[in-house]
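Welcome! Please take a moment to look over the sequence and the 3D view before reading on.

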Amino acid sequence: MIAAVQGYCLGFGFELALMADVRIASDDAVFALPETGIGVAVDAGGDLRTARDAGAGWAKLLALTGRRIDAPTAERNGLVQLVVSQEELDAAAMDLAAEIAANAPLAVRSVKRNIDAFADAGLAAALDRTALAAALTLTSEDAREGYAAKADRRPPAFDGK
């Protein structure tokens, strides 16, 4: 699966992109995991996949702060494999898909499965912990405050409850 990302790629959108095998971004793309700013944990493994692809430090920086990064920064850190202009994005994604599809299907499937098995070792157990954290934080007073603050366009006042 190839993700072609243009514009804002925040929260679950970023997490979906991280689930792709390869990510191509237009030069205007912006990535972030802003969940902690509204009082919830990252709930679909985006923090884990960021740690896998860019390292624990980048995962913590992005998930703990909600900071946004641009496409070149995402590429430098392995979160995006290619950055192209907005005009080239669709063609670049289609060209890459055609390049992969031109290879032997059995070999392509084998390589993908082998890399996924290695890269995702331990991911299932970590995703279980993520689901628990999401359930706890989504029902918290902090989450209610975070969503209300966003709606009111004011800074949240979290109590850790």
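This is a predicted model: local features need pLDDT of at least 70, side-chain atom pairs count only at pLDDT 80 or more; totals for chains, interfaces and linings use all residues.

Residues are numbered from 1 along each chain as its sequence is written, and side-chain values use heavy atoms, with hydrogens and water left out.

**The whole chain**

The protein chain has 8 helices and 6 strands; helices (H or I, at least four residues) and strands (E, at least two) are DSSP runs, numbered from the N terminus. Starting at the N terminus, the order of elements is β-β-α-β-β-α-α-β-α-β-α-α-α-α. The C-alpha trace spans about 55 × 35 × 20 Å along its principal axes. Of the 161 residues in the protein chain, 35% are buried. Here buried means under 20% relative accessible area, exposed over 50%, and partly exposed in between (1.4 Å probe, protein chains only). The accessible surface, about 9300 Å², belongs to carbon and sulfur atoms for 59%; such areas come from the Shrake-Rupley method with a 1.4 Å probe, and for residues only the protein chains shown count as cover. Among contacts (heavy atoms within 4.5 Å) between residues at least 6 apart in sequence, 60% join residues at least 24 apart.

**The nonpolar cores**

In soluble globular proteins, nonpolar side chains tend to be buried together. A nonpolar core is a set of buried Ala, Val, Leu, Ile, Met, Phe, Trp, Tyr and Cys residues joined through side-chain atoms within 4.5 Å. Which members of the largest core touch the most other members? Among its 20 residues, they are Val 5, Phe 14, Ala 25, Phe 31 and Leu 79. Strand 1 (2-5), helix 1 (12-18), helix 3 and helix 4 (71-76) each give two or more residues to this core, and helix 1 provides the largest share, 3 residues. Leaving aside residues up to four places away in sequence, Phe 31 touches residues including Val 5, Phe 14, Ala 25, Arg 67 and Val 80. There is also a second, separate core of 5 residues, which includes Ile 24, Leu 89, Ala 92 and Ala 93.

**A pair of helices**

Helix 2 (residues 46-54) and helix 3 (residues 56-65) pack at an angle of about 145 degrees, and their axes are 7 Å apart. The axes are lines fitted to C-alpha atoms, for helices over the stretch in contact, with angles running from 0 to 180 degrees between N-to-C directions. On the helix 2 side the contact is made by Asp 47, Thr 50, Ala 51 and Ala 54, and on the helix 3 side by Ala 56, Trp 58, Ala 59, Leu 62 and Ala 63.

| Residue | Relative accessibility | Class |
|---|---|---|
| Ala 92 | 16% | buried |
| Glu 88 | 44% | partly exposed |
| Arg 153 | 79% | exposed |

Ala 92 sits in helix 5 (residues 89-101) and touches Ile 24 and Val 84, not counting residues up to four places away in sequence. Glu 88 lies in the loop between strand 6 (82-84) and helix 5. Arg 153 belongs to the segment after helix 8 (141-152), and Arg 153 has a positive phi of about 55 degrees although it is not a glycine.
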